[in-house]
Structure formats: C-alpha cells, structure tokens
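Student: Please walk me through how to read a structure like this one, feature by feature.

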Amino acid sequence: MSRPKVMTRAVIVGHKSILKQTIEALYDTNLFHIEDFVEDESGFKIDKPFENAEDVSKKLVKIRSIANYLGIASNEPVVQKSDTVLRELDSKLDELDRGISEKTELIIQLENELKDLDSQKKELLPFLSINLDFDYFRGYESIKVFAGTIKGSLEESQISSITKAFELYVDPQSKSIVLFVAKTDADRVYELIQSLGFRELRVPERGGVPSETLRLIEQKEAEVGKKIESTKAGIDSMKSKYADFILASDEVLSIESEKAELPLKIATSANAFIIDGWTPSEDYDTVVSAVNSATAGKAYISKLEIEEEEEERVPVEYNNSAVVAPMQEIMDLYSRPKYTELDPSSVLLITFPLMYGLILGDIGYALILGILALAIKKAVKSEAVQPLMNILIYCQISTFIFGIIYGEFLGFSLASLHTAHGVVPGLIPGWETVTLFTGLSGEHVTFPVHRTHMIMTMIGATVTVGLLHLNLGFLLGFSNIARHHGFMHGLLEKGSWIIIEIGVLIAAVGILGGNSILTYVGAAVFVIAVLMLLKGEGIQGVVELPSLMGNALSYSRIIAVGLSSIYIASTVNDIAFEMIWSDHSQIGFLAIAAIIVFILGHGLNTVLSIIAPGLHALRLQYVEFFGKFYSGGGIVYNPFGYIRKYTEE
C-alpha cells in the first residue's frame, strides 16, 4: 500500500528579463506542475504570449495538417537534433507545402477530367449500336432529326403511313432511335413517337463515329488514370521522404508553442513574473538547481506551506514500483486518488487478478490468453497497450493457479471424479479426485475443486471472500481517516462496520451453538457498534447497514460467471467430440467440421473469458471494494515539459 508522492508547493519570482530562461529551465526539467493564475486585486495580470507564438502556431497547424493529409503515424523514432530541425524547418515546410499543393491540385484537375470523360462516355453509349457519325445529326435546312429513346417499339410502317421520306435507325436493346424526316412532316411524326414515350437525348457536340469516339475516350481515361496513380505515388514518395521530418517538426513546434504560450498561465506585472506550482519534494532541489543555473541565481524560489484547505488541489503523482504501475491504469479509469488518500494500486495488484482467476480458473484459457498477451506486448510498443497487456498477464497467472486448484483445462476435468452415477474420467490418467471434508448442503469439498458439483459451498466461499475484501476496504478507510482526523474518527466511521460484523458473528455462533450468553454478548456488541456508526457517519451510515449484506452477496457472481464459462466450454467439447465419434467407435467424416467447431467455440469462449471475468472483477473493485474507503477525484500531476521522442537538444 502506498501513498502518492509527497509534493512541495513552490513559487518562482523574478524580473521579466529572465522569464524566458526560467521557462526553458522548467521545461527541460519536466518536473514542475504549474498552477494557472487567476487574476485578482494583487495587480498582477496574465501576460501575452511571446512574439513567436503566432508564427509557431501557424507552422504547427500547417505541419499537422500535412501530417494528417499524408497519414503520418507514430513510428520507430529517428532522433534528430532539434536545432537542425528548426534551422531547416522553413525551407522544408515550404517545399513540402508547395509539393503537396501542386500534386493535390493536379489530382483534383485530373479527377475532374475523368468525370468529364465519364459524362462524355455516357452520352455516347445510347448511340453506340447505331454508330452514325455525329456530324450527320445537324446542319440540315429541310430535315428534322429526332434522337432519343422510346418505351415501346417503332416500326418503319408506322412512319411510312405519315411520310415516305424518312430514315430510321433503331437499337432494340437500348430502345434508342435516330429518325430523319422532312421538316414538313416533323410535327406529325413527333406526335407518333411522343405516343411511344419518346425522350430526347442530348447529341454530343463533337463529330465522329460513336465507336471510334468511345475508343478515344477510354484511351484518354486510361492515360488520366495513370497520371493520377503516378501523382499519388509522388505523394507517397514525399510521405516516405518527409515522415521523420514531420514527426520531428511537430515535436519541436509543440515544445516551442507550449513555451511561447506559458505567459498566459502565470502572473506578471510590467517588470516581474510569478510562477506558482508543484513539484515532487524529492525533485525540489533539481528544479531549484536548474532555475538558478539558467538565470545565474537571479530568480527567487521559495517553498510554501501546504494548508489543509489546499490539500484538495495538490496534484497527485503515483509512487509505485514498476510491477504495480500497470494497475494505475485501472485506477485512472475510475479516478486518481486525492493527495490525502491511500493509493490502492498495490492492493489491486492482488485483488483484481485474484477475482479474475477465481472466476475463470482454467489452465487452457490461461495459456492461450497469456501467450496472446505476451505476443501483443512484444509486437505493439504503444504506451497505452503495454500496461493493459501486463494486467492481462497478471490475470492469467492467477487463472493458471486456480486452473490447477479447479483441475480444469478448456472445460475438461483433469482428475477423475467418483459420483453416484459412476466414474467421470479425467484428462490426466491416474489423477483421482480426493475428498477433503463435507461442505454446505452435504456437498463434498474435494481436490481438485469441482465447481459444478459443489455450487452451494462455492457460493458460501465466494461470499466469505467478499466479506474479507470488504473488511480490507474498511481497514484502508480506517487508516485514511485515522491519519488525518485521529484514531477515534477512524474507529467510529470505519472500525464500527467491522465491530458490527464481529457482533453478528458472535451472536450467530451463540444461536447455532445454543449458547445464550454468546448470543447476548453478540447482540450487545452489535448495538454498541451501531451506536458508534451513528456517531461516526450519522444516520446515513445506519441506513446503509443492510447494504453490507448486498455487497457481500454480490461476490457470488464469481461462481455464477465461472460456471457459465465452464458450461460453454463443456458444451463445445460435447458437440465437437460427438461429431468426431458419432458412432462412439471410430472417427467419422465430420472430423474436420468438429475441429472447426472446437476451435471457433473455444475462440468465442476465449474472447468472453477476457470480457466477462474482467468486467465482473472490475465491478467488485469499483463498486463493492472502493465504496468502503475510496473517493478519488485527485488532480493529475502534469509537469510543464515534454518527453522528447523524435528530437534531442
């Protein structure tokens, strides 16, 4: 069990002529959490950002816009000198911006050309079968040309009944027609084709035969398509060439931007500045040394006492070992502890994998998920993924141990079990189940523990585990309160809950054992503890008393969720092996299907084995356990600075 790092509040005061040097020093140490200044009647004001802020901000926006357009992602860092990056920044940024703009505009132009060619092609298609030169469609004084589509069928005899001077071209498939008639007969012919659903088509302006024109258009489309691909390849080439520069520039500009905009967070006057903030006490001397070195001792740094009312806004930095550190992800997912609270990360290192393993408890799934977590951890170096994989590994260690205790492997029992209906063989020949003692409802408690044959005993065991877990929470709460408000406060607020349970236990033993004295003693302890609780937490504590039983019973989900996993695995095994040995004597032709069912079934159960045990184990921590001692809501320690990844000084 650890507490957050002890913090020191420090104030840095100096002349504005050394402000930049002070900021540089604080940034380089990356140890000082700066408090935002709120203007008051002191005369100090929030200052303007440095002169370069606007220029840096514009470049940062531009470089991030380019990175987003090119799809630049974090990769294996190639470290560059920051002064080299800054020196080449303007020229390379202009070159990059110009190159991308030219290529982007060219791609847009070519894509528009493709759209235009596509439109031309669509105009041609209705005339493709007719294949008349488009020059024939226009330029007549006495001839009218109808070009379009009809819904019905048009026969020459229908037109010849109106006029003998005509020329008709029809494409039966597309229902396209081209009809040449004398203008004197045009109105009556139009009435005829109108009755057949005539819809006029636009005749392309260009001349030429449709089939030849189509060939030229498709040839042009291919050429334009190649140009687009070539231009995109040029952009990909720029991405490869400038990726490291973009990542390094983004980092350098982000750093410069943060420094340039710091005056917006601190107090300044015409000649002086004040920077108020926090640093871990163990790093205070480092901060002082860095600032003094940068300013030649011209800045004045002093510690301030932390008043009790200020403790709520002290930033919190964890103080855990590397083994415990992954559990901080679970803490931050809920809420970071306050500065005055215990940090339960080290407790979670035990209790979270314990609950997870109690639920899943299967050697097979532990091996699958453990190997999967190790593979992901090796392949993905992300800082967000690594802690999660470590937590998953912790959980699989616990699952493996409970898999031995339960004697389970992918839903199979490893040890033989003698029941009233005969012997159920185990997966390991010669491993016999041993009966240890009689549990609840006359069930035999055995090793390995066959959960499906001792459900009532397992419910009792998980509720007992829950009571122990809850009382650990009360003890932590007692420690928290006693540290800040004294032993008696801790005893009344949290210790009273434990005494209540002791009273109930004594009374229960007295009733079950027929010992009236013990019963009265237990009742007296219970009443006294309730009065202590009333004194410590008020009527609210007494009202919440029945919830203790609900919290304890909530732990029975451990056996409920665990059984569901066993039954899914067993069902998959039964189906798969039934398919393989359909006649119980030899391997049938369904063997391949059975193997697929086996793999898919256990694959699905493996996914569920991450989700269900994980969520329920998490719920027991957050709702039942934390509810007894933890409030959270601490401010995250966010030091002014940057951990460089792509550049170095």
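Student: Are F626 and F629 buried or exposed?

Tutor: The general idea is a cut-off on relative accessible area: buried means under 20%, exposed over 50%, and partly exposed in between, with a 1.4 Å probe and protein chains only. Here, both F626 and F629 are buried. Keep in mind that this is a predicted model, in which local features need pLDDT of at least 70 and side-chain atom pairs count only at pLDDT 80 or more, while totals for chains, interfaces and linings use all residues. Residues are numbered from 1 along each chain as its sequence is written, and side-chain values use heavy atoms, with hydrogens and water left out.

Student: How many aromatic pairs are there in the whole structure?

Tutor: A pair of aromatic rings is described by the distance of the centres and the angle of the planes. Rings of Phe, Tyr and Trp (its six-membered ring) pair if their centres lie within 6.5 Å; planes under 30 degrees apart count as stacked, over 60 as edge-to-face, and the rest as tilted. The search finds 26 such pairs. One of them is F474 with W497, which counts as stacked because the ring centres are 5.3 Å apart and the planes meet at 10°. F474 belongs to helix 12 (residues 455–485) and W497 to helix 13 (residues 487–513), so this pair ties together parts that are 23 residues apart in sequence. Helices (H or I, at least four residues) and strands (E, at least two) are DSSP runs, numbered from the N terminus. F474 is buried at 1% relative accessibility, and W497 is buried at 5%.

Student: What is the geometry of the pair F626 and F629?

Tutor: That pair is edge-to-face, with 5.9 Å from centre to centre and 85° between the planes. Elsewhere, ring pairs join F127, F134, F137, Y140, Y169 and F180 into a cluster.

Student: Where does a charge sit over a ring?

Tutor: The test is that NZ of Lys or CZ of Arg lies within 6 Å of the ring centre and within 35 degrees of the ring normal. K20 places its charged end over the ring of F50, 5.0 Å from the centre. K303 does likewise with Y284, at 4.8 Å.

Student: Which residues of helix 1 are buried, and what do they pack against?

Tutor: An α-helix has 3.6 residues a turn, so residues three or four places apart point the same way. In helix 1 (residues 19–29), the buried residues are L19, T22, I23, A25, L26, Y27 and T29. They pack against strand 1 (7–15), helix 6 (210–261), strand 10 (272–280) and helix 7 (284–295). After helix 1 comes N30, with a positive phi near 55°.

Student: How is the largest pocket lined?

Tutor: Work on a 1 Å grid over the protein atoms alone: a cavity is a set of points where a 1.4 Å probe fits but cannot get out, and a pocket is an open set with protein on both sides within 12 Å along at least five of seven lines; lining residues have an atom within 4 Å of a point. Points are joined across faces, edges and corners, and a volume is the space filled by probe spheres set on them. The largest pocket holds about 580 Å³ and has 25 lining residues, with G411, F412, S413, V424 and D574 nearest its centre. Strand 14 (412–413) and helix 17 (557–580) are the elements that give two or more residues to this lining, and helix 17 has the largest share, with seven.

Student: What is the volume of the largest cavity, and which residues line this cavity?

Tutor: The largest cavity has about 40 Å³. Its lining consists of L360, D362, Y365, E408, G411, R451, S565, I566 and A569. Helix 17 gives the most here, with three residues.

Key: Contact means heavy atoms within 4.5 Å.
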